[in-house]
Amino acid sequence: MNDEKKNHKGDPLATPEIYYDEDSTVPWDSPPQKLKDERTSAIIDDDGDENDNSDIKVVNELATMEDDTTLPCLTLRAVLVGSILACLSASVYQLMLFKPVGLPLSNTFMLMVAYVVCHTWARYLPKIYWLNPGPFNVKEHTCIYVMVSAANTSAYATFILSAQQLYYTNPPGPAGSIFLLFATQIVGYGIAGQLRKFLVYPPDMIWPTSLPTVSLLRTLNSSKAEAKWRTRFFFIVFTGMFVYEFIPQYLFPLLGGFSVFCLADTSSVWFQRLFGGLAVNEGLGILQLSFDWNYLSAMNPLVLPLWVQLNVFSGILLMWFLYPLIYHFDVWDAQKYPFLSNSIYLFNETSQETTVYPQHLVLNDDNSLNQTMLEQVGSPSFPATSAINYVFINFAVTASIAHVALYYGKQLWNNMRSTKEHFKEGKMDIHNRLMAAYKEVPGWWYYTIFVIGIGLNIGIAYVNHSQLPWWAVILAIAISAVLSLPLNLITAVTGQGFGLNVFAEMICGFILPGLPVANMYFKTLGFNTLSQAGLMANDLKIGHYLKVPPRAVFFNQIVGTILGSLFNYIVNDRVVTNEREILLNPVGNNVWNGATPQTINSAAITWGAIGPTAMFGPGTRYYIVLWAFIIGFFLPLPFWFLHKRFPNKGFDRINIPMILVGLCTLPGAATSYITVAFCLVVFSQWYLRRYRRNWFIKYNYLVSTGLDSATSLMVFFVAFALHGAADGIDHPFPIWWGNRQDAKYLDYCCLDCKP
């Protein structure tokens with residue numbers, strides 16, 4: 001391999017030139033019954049690019065490096081079990097949307113259920129091929145995962161449906177609702193199919209968050225003795241965490257996060273702001289200690305690569321330094337409003353009181369903006385930390401585009417021109433060579449889905465009285481389509497990324513002012529299209545790693561999406577219809593809570609009715625929010641120039657979008673996990689990966705999956721069995737030092753503060 005390629009350094013640890021092995025002894029079009037690359041070890045251990053990239057080496061050791069093309073995948077048991085679990089998971093996820101604490105069933109837990117059911121099926125049912133084709137295998141299991149993954153969500157458009165039904169006239173009927181969900185979910189799939197050559201085929205598109213799933217699927221479905229021990233190890237971790245998690249979830253909630261500073265002084269508001277973090281928007285969580293995986297898992301500390309985490313934590317450190325200074329120096333009248341909050345406020349100069357903005361006073365009966373009343377009441381204000389958060393989010397959108405252009409532009413251009421030729425000539429990495437035994441999904445399938453999705457969304461926009469014109473539907477989808485590659489590429493490499501929800505809200509607010517419902521529809525198309533494209537590409541990559549035929553993955557994605565949309569609608573409609581009054585209550589009760597529809601309605605009023613001109617236009621307090629889109633393009637440039645000038649000094653490891661991920665942690669989150677999560681990152685992604693590599697490869701991702709699955713199940717169990725999510729009857733644990741449910745904050749921060 002030439003020196004130019006060997007010395008190439010793009011994004012840190014994850015951006016070599018896309019590697020195609022030119023000396024393969026396995027022709028790409030060879031379809032033998034069993035393919036095994038005899039040069040796997042050489043590919044991983046030689047001096048080539050894959051050796052230069054430790055992330056790709058980890059993937060090659062986790063993923064399937066051999067393939068048996070005779071294994072069935074679209075079997076009756078896989079489709080039936082997958083469909084049942086998809087319906088169940090979609091229903092529970094949608095139900096949890098209206099609970100005080102949302103506790104959906106995790107995909108990994110559903111995989112375990114499928115594992116037990118399908119192995120029982122294979123063992124006891126008659127050995128008839130169509131009924132029981134033999135032992136349950138990894139490809140069937142992966143197909144079940146893909147179907148469940150596509151369904152196990154709350155379709156973003158359900159937020160529109162619940163908000164329209166609760167707050168607006170002329171809500172959609174059943175047909176309009178179901179087609180809205182399906183149309184907004186599938187249009188992104190058409191985009192993902194066209195981006196396969198950029199987001200799926202290249203070996204450096206790792207999709208880090210998929211690795212625990214790949215590890216679990218391989219472990220559960222291997223017949224080797226070592227794999228059996230790993231399966232046993234997984235269930236040991238699962239059982240241990242399941243038992244332990246009962247303690248912080250019910251008996252000793254203080255383990256979720258506590259600060260020695262707050263314990264030392266329970267009367268300091270500033271101690272709460274700096275060191276508190278167990279509750280959402282309580283504080284910055286500086287040096288707070290957490291021993292609850294339900295919180296610690298927020299950072300994926302055992303999954304995301306070290307270089308990604310260091311950038312994110314650098315952003316958090318900047319946030320810890322910046323937010324107190326903003327509040328202390330009263331930037332944007334910060335001290336008139338809460339330190340951390342997601343709401344908008346109105347400050348009364350006469351009474352010197354701050355109240356939540358009375359949006360109902362500035363709207364007409366048809367929910368359009370009353371400009372006269374807006375001038376009388378006044379424009380709303382943000383807490384300073386919330387306003388600066390919008391600046392960071394807007395920085396991130398354009399900085400991500402610039403980052404991809406600088407570090408990946410040449411690679412993407414070359415790949416666009418040469419991928420087809422590489423495939424024809426057999427210049428592929430091992431995974432692409434093994435996958436070449438299967439028929440790909442034709443491009444026209446994805447184009448057809450894309451066109452159908454656009455048509456359905458245009459029709460639905462009119463049928464549902466959204467006030468969103470046809471050209472705005474196309475514009476929203478076009479924005480998402482154009483930005484899908486750079487923003488999803490960031491996620492594919494780092495496991496972290498940004499959506500377009502705020503950007504889409506702003507665009508619609510400018511072009512269609514005074515129309516909150518239209519703003520919700522535009523936002524959904526702008527945000528969800530890109531999101532769905534990324535989710536589909538991620539599932540395609542999992543199928544790629546585990547050598548599942550692409551057409552089987554496609555089939556399961558579509559079936560899962562259809563089932564998920566249908567059951568999302570059924571549950572959403574029943575809950576909103578039967579619990580309307582409670583959902584309209586800002587507080588709710590211990591069984592039902594309408595925070596999600598309230599939030600999307602509030603955003604629609606802010607961006608759609610009042611509009612970005614009144615909030616961020618020239619001469620307003622927050623005009624910098626719009627300028628942030630322009631400034632963001634330039635943020636990656638200094639470090640890129642430094643990298644070009646000093647290529648061996650590590651400047652390419654400074655990733656501006658990931659730093660902004662850390663800066664955008666607050667407001668809107670608990671922060672008790674940060675310190676301990678960082679320690680876990682260093683232990684897992686540095687010490688174990690560097691000094692205990694074999695253990696890291698075999699067990700690290702299994703541990704992460706086991707902890708996630710057990711925690712998800714215990715949180716779900718405690719909510720339903722003990723906290724009244726099932727029958728409305730709460731069974732609280734007695735108040736004691738480690739369970740101060742009677743206090744404002746469980747972690748003793750500001751326990752004795754004066755009102």
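# Disulfides, backbone and a surface patch

Trainee: Is the disulfide of Cys 750 and Cys 753 left-handed or right-handed?
Mentor: Start with the term: a disulfide is a pair of cysteine sulfur atoms within 2.5 Å. The torsion about the S-S bond of Cys 750 and Cys 753 is about -105 degrees, so this disulfide is left-handed.

Trainee: Before we go on, which residues do the totals for chains, interfaces and linings use?
Mentor: Residues are numbered from 1 along each chain as its sequence is written, and side-chain values use heavy atoms, with hydrogens and water left out. This is a predicted model, where local features need pLDDT of at least 70 and side-chain atom pairs count only at pLDDT 80 or more, while those totals use all residues.

Trainee: How far apart are the sulfur atoms of Cys 750 and Cys 753?
Mentor: Take burial along the way: Cys 750 counts as buried because its relative accessibility is 11%, and buried means under 20% relative accessible area, exposed over 50%, partly exposed in between (1.4 Å probe, protein chains only). As for the bond, the sulfur atoms of Cys 750 and Cys 753 are apart by 1.8 Å.

Trainee: What pattern do the disulfides of the protein follow?
Mentor: A search of the whole structure finds two disulfides. With bonded cysteines counted along the chain, the pattern is 1-2, 3-4.

Trainee: How many residues apart are Cys 262 and Cys 749?
Mentor: Cys 262 and Cys 749 form a disulfide, with sulfur atoms 2.1 Å apart. The link is right-handed, with 95 degrees about the S-S bond. It joins distant parts of the chain: Cys 262 is in helix H13 (residues 260–264) and Cys 749 in the segment after helix H32 (693–721), a separation in residues of 487. Helices here are DSSP runs of H or I with at least four residues, strands are runs of E with at least two, and numbering goes from the N terminus, but the value you asked for is 487.

Trainee: What phi does Tyr 748 have?
Mentor: Tyr 748 is found in the segment after H32. Tyr 748 is buried because its relative accessible area is 7%. The residue is not a glycine, yet its phi is positive, near 70 degrees.

Trainee: And what is the phi of Lys 547?
Mentor: Lys 547 sits in the loop between helix H23 (516–545) and helix H24 (550–578). Lys 547 is buried, with a relative accessible area of 0%. Though not a glycine, Lys 547 has a positive phi of about 60 degrees.

Trainee: What is omega at the cis peptide bond that joins Leu 666 and Pro 667?
Mentor: Pro 667 lies in the loop between helix H30 (656–663) and helix H31 (674–691). For the cis bond from Leu 666 to Pro 667, omega is about 0 degrees.

Trainee: Which helix gives the largest share of the nonpolar patch?
Mentor: Tyr 462, Trp 470, Trp 471, Ile 474, Leu 475, Phe 510 and Ile 511 form this surface patch, with about 650 Å² of accessible area together (Shrake-Rupley method, 1.4 Å probe, only the protein chains shown as cover for residues). Patch residues have over 30% relative accessible area and no salt bridge, with like charges joined within 9 Å and nonpolar side chains (Val, Leu, Ile, Met, Phe, Trp, Tyr) within 5 Å; a salt bridge is a side-chain nitrogen of Lys or Arg within 4 Å of a carboxyl oxygen of Asp or Glu. Helix H21 (470–494) and helix H22 (501–511) each supply at least two residues. The largest share, four residues, comes from H21.
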